[in-house]
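These are my notebook entries on a structure that I have not examined before. I set down each look-up in turn.

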Amino acid sequence: MSTPDDLHLPDFALQGLGTRPFGVYVHVPFCATRCGYCDFNTYTAGELGSGAAPEDWLEGLRKELDLAAQRLGRPPAADTVFVGGGTPSLLGADGLAAVLDAVRQSFGLAADAEVTTESNPESTSPELFAGIRDAGYTRVSLGMQSAAPHVLRVLDRTHTPGRPVAAAAEARAAGFDHVNLDLIYGTPGERTEDLQASLDAVLEAGVDHVSAYALIVEDGTALARRVRKGEIPMPDDDVLAADYELLDAMLEKAGLRWYEVSNWAASEQARCRHNLGYWLGGDWWGAGPGAHSHVGGVRWWNVKHPARYTATLADAALPVGGQESLTAEDRQLERVMLELRLADGLPLDALDDDGAREARRAAADGLLSTRDLDGGRAVLTDRGRLLADAVVRRLVS
Ligand SMILES: C[S@@+](CC[C@H](N)C(=O)[O-])C[C@H]1O[C@@H](n2cnc3c(N)ncnc32)[C@H](O)[C@@H]1O
Ligand code: SF4
């Protein structure tokens with residue numbers, strides 16, 4: 001087994017640390033079962049092998065966070081913490097409290113820190129929500145995907161009927177003001193009325209945030225194998241566009257406004273600050289197997305397998321799998337890609353002359369708002385949101 005690389009953080013990357021938002025992401029690589037569409041770095045108990053049980057992972061995580069704080073010198077307190085996965089709720093309230101304690105002890109938490117955990121509704125309960133609220137979590141994000149049983153079957157997703165909505169209500173009753181539900185749209189076989197029913201259920205749950213993603217058929221997944229065998233068709237682009245328009249209209253009507261192409265929030269405070277940190281070029285340390293980090297234009301990622309992760313940390317080394325320094329060109333491309341997807345848009349001075357010229361053409365084509373362009377920002381129109389990736393390509397090529 002080769003030794004993972006050590007991390008080289010040049011002075012220029014560390015300059016300004018603490019003047020930009022600083023987040024901590026913790027990757028929990030465990031799931032009860034693998035959903036057929038998902039290619040995240042996550043493992044069921046049977047897939048893990050030895051040295052990678054949740055206790056070993058937690059031990060490794062504590063070591064990584066301590067080493068991380070040392071490597072950053074005087075690390076800033078975390079403005080945001082996001083515990084994602086995988087299925088963090090499988091750790092239970094005590095496990096999630098231990099994760100947050102490890103962040104507190106290494107980096108410390110800013111006074112008004114946003115602390116989110118992802119959860120699968122099937123591994124949540126009123127006791128879990130009460131426990132993590134006490135521990136200091138402020139936000140819960142639940143994977144719902146759909147309310148239609150036949151859609152959930154295509155996604156290989158088992159939910160007790162109504163469980164995601166009930167879980168959202170339990171989280172709110174436990175004192176969480178900020179609750180998100182994740183939806184997937186465009187699943188083959190999903191009819192307009194199925195999506196409508198899912199949205200009705202989301203709105204009934206009274207959450208203040210919704211993330212809705214077009215189904216992506218990821219290579220190497222069970223879903224991709226079924227598509228290849230012809231058992232299931234690929235998601236249809238026209239259906240995806242019509243679905244997006246429907247869900248945007250229903251969410252906006254209910255007072256949830258888009259602030260990123262795939263994210264809607266009921267208020268400014270309901271926006272996910274942690275994700276805004278990613279989109280606006282902030283710094284974050286990503287801890288856990290396969291987690292990605294970014295500090296001052298240097299990006300690195302951890303080794304993926306939990307056993308290798310814990311073994312490396314047992315030798316007191318950071319489990320870095322690779323790193324890269326972004327060139328000025330990379331940073332500009334990323335900035336356009338990420339900020340153009342925001343409702344606040346991108347300042348025009350972030351574009352070169354060709355890009356600015358192209359932005360005016362995109363506005364003439366109805367893809368960028370003319371009024372915002374006159375005010376110095378490139379902001380997608382409703383039609384532009386449907387073609388966001390194509391608009392980005394026009395502005396940077
Ligand atoms: C880590 S999961 C959320 C928490 C928990 N693991 C669960 O699934 O309930 C993150 C979200 O990514 C989205 N996702 C994962 N794979 C996807 C794919 N292939 N296409 C679209 N969305 C996907 C799903 O909406 C999922 O809820
Ligand atoms: S969608 Fe969530 S529960 Fe399903 S395999 Fe992926 S991370 Fe696990």
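Is the crossing of α4 and α5 left-handed or right-handed? I looked it up and found the crossing of these two helices to be right-handed. I note at the outset that the model is predicted.

**Entry: α4 and α5**

I recorded the geometry of this pair next. Helix α4 and helix α5, the latter spanning residues 126-135, pack at an angle of about 15°, and their axes are 8 Å apart. Angles under 35 degrees count as roughly parallel, and α4 and α5 are therefore roughly parallel to each other. I then listed the residues that make the contact. On the α4 side they are G92, A93, L96, A97, L100 and R104; on the α5 side they are L128, G131, I132 and A135. By class, I find seven nonpolar, two polar and one charged among the residues of the contact of α4 with α5.

**Entry: α7 and α8**

I turned to helix α7 (residues 163-173) and helix α8 (residues 192-205). Their packing angle is about 15°, and their axes lie 9 Å apart. That angle makes α7 roughly parallel to α8. The contact of α7 with α8 comprises four nonpolar, no polar and two charged residues. α7 passes α8 in a right-handed crossing. From α7, the residues V165, A168 and R172 meet A201, E204 and A205 of α8.

**Entry: α13 and α17**

I looked up one further pair, helix α13 (residues 328-339) and helix α17 (residues 388-396). These pack at an angle of about 145°, with axes 9 Å apart. I noted a right-handed crossing where α13 passes α17. In α13, L333, V336 and M337 meet V392, L395 and V396 in α17. The contact of α13 with α17 divides into six nonpolar residues, no polar and no charged.

Which residues are around ligand 2? I found C31, T33, R34, C35, Y37, C38, G86, T87, N120 and R157. Sorted by class, this shell has four nonpolar, four polar and two charged residues.

I located G86 in the loop between β2 (78-85) and α4 (92-106).

Most residues other than glycine have a negative phi, and most peptide bonds are trans. Q145 is not a glycine, yet its phi is positive, at about 75°. I found Q145 in strand β4, which covers residues 139-145.

**Entry: the record**

Finally, I consulted the UniProt record. In an unreviewed entry, the annotation "domain: Radical SAM core" covers residues 16-257. Over residues 16-257 I noted 42% helix and 20% strand. The end C-alpha atoms of this stretch are 32 Å apart.

Conventions: Residues are numbered from 1 along each chain as its sequence is written. Chains are lettered from A and ligands numbered from 1 in the order in which they are written. This is a predicted model: local features need pLDDT of at least 70, side-chain atom pairs count only at pLDDT 80 or more; totals for chains, interfaces and linings use all residues. Side-chain values use heavy atoms; hydrogens and water are left out. Axes are lines fitted to C-alpha atoms, for helices over the stretch in contact, and angles run from 0 to 180 degrees between N-to-C directions. Helices (H or I, at least four residues) and strands (E, at least two) are DSSP runs, numbered from the N terminus. Angles under 35 degrees count as roughly parallel, over 145 as roughly antiparallel, 65 to 115 as roughly perpendicular and the rest as oblique. A crossing is left-handed if the near helix is turned anticlockwise from the far one by less than a right angle, and right-handed if clockwise. Contact means heavy atoms within 4.5 Å. Ala, Val, Leu, Ile, Met, Phe, Trp, Tyr, Cys and Pro count as nonpolar, Asp, Glu, Lys and Arg as charged, and the others, Gly among them, as polar. A residue is near a molecule or strand if one of its heavy atoms lies within 4 Å of it. UniProt positions are given in the numbering used here, feature names are shortened, and annotations may be inferred rather than shown by experiment.
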